[in-house]
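Student: Could you take me through one part of this model closely, and then show me how other parts of the chain are arranged?

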Amino acid sequence: MPVLYDRLLKLKEMFNSKFGSIPKFYVRAPGRVNIIGEHIDYCGYSVLPMAIEQDVLIAVEPVKTYTLQLANTNPLYPDFSTSANNIQIDKTKALWHNYFLCGLKGIQEHFGLSNLTGMNCLVDGNIPPSSGLSSSSALVCCAGLVTLTVLGRNLSKAKLIEFSPLRATDVKLPSGAVFVIANSCVEMNKAATSHFNIRVMECRLAAKLLAKYKNLQWDNVLRLEEVQAKLGISLEEMLLVTEDALHPEPYNPEEICRCLGISLEELRTQILSPNTQGVLIFKLYQRAKHVYSEAARVLQFKKICEEAPENMVQLLGELMNQSHMSCQDMYECSCPELDQLVDICRSAGVCWRSAPDPVCLGITGRGCTTVKTAACSFLWKLCPRGAPARCQPALCFQENVSFPIAPQLLCSNLRQQEEHQKGCIVVWKSDSST
């Protein structure tokens, strides 16, 4: 991997310039994209993620002091220093180093450690931030692995990522398809806005109202999956329960209190988070419908991959289309630029899928002689001036190869040309498991 090797050499030089020493080891964590399964992991359901080549790298040197020094190769992220034995995380501020501290503190608490050694760390990442590719999660994972290495401890990666399922199963993707991940260059900083927190709270409130409707002990219910598990019914049946128990019109705090038999003060202090206490409407029906239907689509996707019918790519594409429509209409996590990108992709006549966050496309021939020809046709249609020179079948259909595009057409916020060039499409040939 010559590109990674060059990055490591550059990171080593910058580390030496910054700290006056040579790093003792490096840690890497990749970004990821969900093929299907959007916004359901924190509701208790499994997803189908796929690692991408973009990643977070950290150069590390343990030191004999008890000082933790963090630096970033990106000048937008300022240096940070603190005592390794007094880790404080300010949840009110969206600061980059907090993600590192979360990974470190998670390992510290898991092993019940009181004293940690100091270290110098230089972070480098090429995952587009706030684009749905888990750049923050990659940093948390990297920080956890850094801490484990410094302590000489072992921990499975599945346990390190708290929101991930503790059990992972390989899913064999269709060999006749190519998956494309396209960055729309529209950023959504979840830590700096309340949209994400409101939807999470809407899912929690929907779970409580559904549990109450079915005469379950609703007080401690936090996730929609818990309601299904307590009832012991299928996802399809949970959709029917949602239809009966919740109405499509938004709920206000007073109605939620009436449904649960609690006061407004109890709602605000015991259920709502600080950043959702001022919200006046909650779309409970829509959020529950998305979560249960999306969870069912994930299971159906896995089943189709296992059974491998002749039209499996078309069937998978239909599920992925449904996923985007649900994200657009029920969960409302899309945006005009992404919808425009979706329309362009569909009009190309070579794809069936678009996901919220980045776009993930399963491409098949549909009239073209080969999948490569079909995907190349798609790229030409995506880029109005024609595909860049590097977008040629001989190169771009190798595994994990990325190439830049300039998607001015897709960006409403006009940034400098060099910022546009950071957008990329990554082409994955699906001859391996997710």
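Tutor: Let us begin with helix α2, which covers residues 96-111 and in which Trp 96, His 97, Asn 98, Phe 100, Leu 101, Gly 103, Leu 104, Ile 107 and Gln 108 are buried, where buried means under 20% relative accessible area with a 1.4 Å probe, counting protein chains only. Helices here are DSSP runs of H or I with at least four residues, and strands are runs of E with at least two, numbered from the N terminus. After α2 comes Gly 112, which has a positive phi near 65 degrees.

The model is a predicted one, in which local features need pLDDT of at least 70 and side-chain atom pairs count only at pLDDT 80 or more, while totals for chains, interfaces and linings use all residues. Residues are numbered from 1 along each chain as its sequence is written, and side-chain values use heavy atoms, leaving out hydrogens and water.

Turning to a pair of helices, the axes of α7 (residues 235-245) and α10 (residues 284-307) come within 9 Å and cross at roughly 170 degrees, the axes being lines fitted to C-alpha atoms over the stretch in contact, with angles from 0 to 180 degrees between N-to-C directions. α7 is therefore roughly antiparallel to α10, a term for angles over 145 degrees. In α7, residues including Leu 235, Met 238 and Leu 239 belong to the contact with α10, whose residues there include Tyr 285, Ala 288 and Leu 299; contact means heavy atoms within 4.5 Å.

For the whole chain, there are 15 helices and 9 strands, and 48% of the 434 residues count as buried.

How values were computed:
Buried means under 20% relative accessible area, exposed over 50%, partly exposed in between (1.4 Å probe, protein chains only). Angles under 35 degrees count as roughly parallel, over 145 as roughly antiparallel, 65 to 115 as roughly perpendicular and the rest as oblique.
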